[in-house]
Amino acid sequence: MDADNNSRLGSPVPPVDRLGRPLRDLRISVMDRCNFRCPYCMPEATYHEAFRFLGPEERLDFNEIERVARVAAELGVTKIRLTGGEPLLRPGLPDLVSQLRVLPGIEDIALTTNGVLLPRFAPALLQAGLRRVTVSLDSLDPVVFAHMSGGRSDLSTVMEGINAAGAAGFEGGVKINTVVQRGVNDAGVPDILARFRNTGITVRLIEYMDVGNRNGWDRTDVVPSDELRARITALWPLEPLPPRYRGEVARRYRYVDGAGEIGFVSSVSAPFCGACSRARLSSDGKLYTCLFATTGTDLRGLLRQNVCNVKIDECLRTTLSRIWYHRTDRYSEERTHRPALWADRKKTFPQEKIEMHYIGG
């Protein structure tokens, strides 16, 4: 059944894309700004003091975000993740969580943050209905941390945020995301793991990805998960855990000694495009169907101008169904299985990929 037929039925049929993948996850960027300048995401040379970020009127307001999320839930979305930039820079974020938590079909709301503002907002987010928190932390070495955060914060502030999230008692727990770059922070990975073993906090080790266009990505900077796992196993033996659901991003392992679990996100060495169920909404209302996309679909204009000349929800439903029905994205798999494409990436992919700070990770 195609997207247009879906939209004419009284009860929407959840769409699947051209590769049979359902729409289950919606990642919503609420802010394109960030208070860090991580070189792999927002290098200072580009995102300097004079860089023009979105103004408040250019971003979707909370009612517009809620409307998109409600229609997406009708089409099968059950999980929402709030991202940035840094999402806690968005004023009143707990109010948005309160609006999203009551949407029919939404089972899980999570947040990805650099942690700096968590001591101020963790209790309000918990009360609003946030279920899970993921904090980005790339090193426990203050010097390496300063380099990887662009010198915009200090390690102790982020650790205070992690502690605040743990003390708040989020039902789904707290996770740490660590982007691993060879020769930059890979030697310090055991320190991070040792710090969070036996705490109930799961560390997820993420292969350095070619997201966006500004980070000078080179494949030699990637530490494949298999190599990293071998290093870790030499210190603390691991055993694999089964996935909890189809399309789970991280491959889960637990320490044999019972100290908890860790995850590996291997989008470079072992892509998982075949089970990807994620769509991404930018803070100015563009919908993207891949983290590595070059173009998105403007939903802000639809919401504010009613370009379909029908009820806005019906227009949204038709548009989202059609976008997903025609989706064929499998960038990471193509990168891996067709290496000839990458001999001259600029020639093969003349359009620039969207930046990670704009649509979240």
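Is C276 buried or exposed? In this predicted model, C276 has a relative accessibility of 11%, so C276 counts as buried, the limit for that class being under 20%.

## Overall composition

The protein chain has 361 residues, of which 55% count as buried. Its secondary structure comprises 13 helices and 12 strands. Where contacts join residues at least 6 apart in sequence, 72% of them link residues at least 24 apart.

## The annotated cysteines

An unreviewed UniProt entry lists C273, C276 and C290 under "binding site".

C276 belongs to the loop that runs between β9 (261–265) and β10 (278–281). When neighbours within four places in sequence are left aside, the contacts of C276 are with R21, P22, W324 and R327.

C290 is located in another part of the sequence, the loop between β11 (286–288) and β12 (297–298). Its relative accessibility is 12%, so C290 counts as buried. With residues up to four places away in sequence not counted, C290 touches R280, D329, Y331 and I359.

Helix α2 (residues 62–74) and helix α3 (residues 93–101) have axes that come within 10 Å and cross at roughly 30°. Because angles under 35 degrees are classed in this way, α2 is roughly parallel to α3. The crossing of these two helices, α2 and α3, is right-handed. On the α2 side, the contact is made by F62, N63, I65, E66 and A69, and on the α3 side by L93, D95, L96, Q99 and L100. Sorted by class, the contact of α2 with α3 contains 6 nonpolar, 2 polar and 2 charged residues.

Helix α3 also packs against helix α4 (residues 118–128): their axes come within 8 Å and cross at roughly 15°. This angle makes α3 roughly parallel to α4. The crossing of α3 and α4 is right-handed. From α3, the residues L93, P94, V97, S98 and R101 meet A124, L125, Q127 and A128 of α4. The contact of α3 with α4 divides into 6 nonpolar, 2 polar and 1 charged residues. L93 of α3 is named both in the contact with α2 and in the contact with α4.

## Loop residues

V102 lies in the loop between α3 and β3 (108–113). With a relative accessibility of 60%, V102 counts as exposed. V102 and R70 are 32 residues apart in sequence, and their C-alpha atoms are 9.6 Å apart in space.

D186 is placed in the loop between β5 (174–180) and α7 (189–196). At 11% relative accessibility, D186 counts as buried. Apart from residues up to four places away in sequence, which are not counted, D186 touches V180, Q181, V223 and R231.

| Residue | Relative accessibility | Class |
|---|---|---|
| C276 | 11% | buried |
| C290 | 12% | buried |
| D186 | 11% | buried |
| V102 | 60% | exposed |
| N198 | 60% | exposed |

## Backbone geometry

Where does the chain contain a cis peptide bond? The bond from G84 to G85 is cis, with omega near 15°. G85 is situated in the loop between β2 (79–83) and α3.

Which residue has a positive phi although it is not a glycine? N198 has a phi of about 65°. The loop between α7 and β6 (202–207) holds N198, and with a relative accessible area of 60% this residue is exposed.

How values were computed
Residues numbered from 1 in each chain as written. Predicted model: local features only at pLDDT ≥ 70, side-chain atom pairs only at ≥ 80, totals over all residues. Heavy atoms only, no water. Axes fitted to C-alpha atoms, helices over the stretch in contact; angles between N-to-C directions. Helix = DSSP H or I, 4+ residues; strand = E, 2+ residues; numbered from the N terminus. Parallel < 35°, antiparallel > 145°, perpendicular 65-115°, else oblique. Left-handed = near helix turned anticlockwise from the far one by under 90°. Contact = heavy atoms within 4.5 Å. Nonpolar A, V, L, I, M, F, W, Y, C, P; charged D, E, K, R; others polar. UniProt positions renumbered as here; feature names shortened; annotations may be inferred. Buried < 20%, exposed > 50% of the residue type's maximum accessible area, 1.4 Å probe, protein only.
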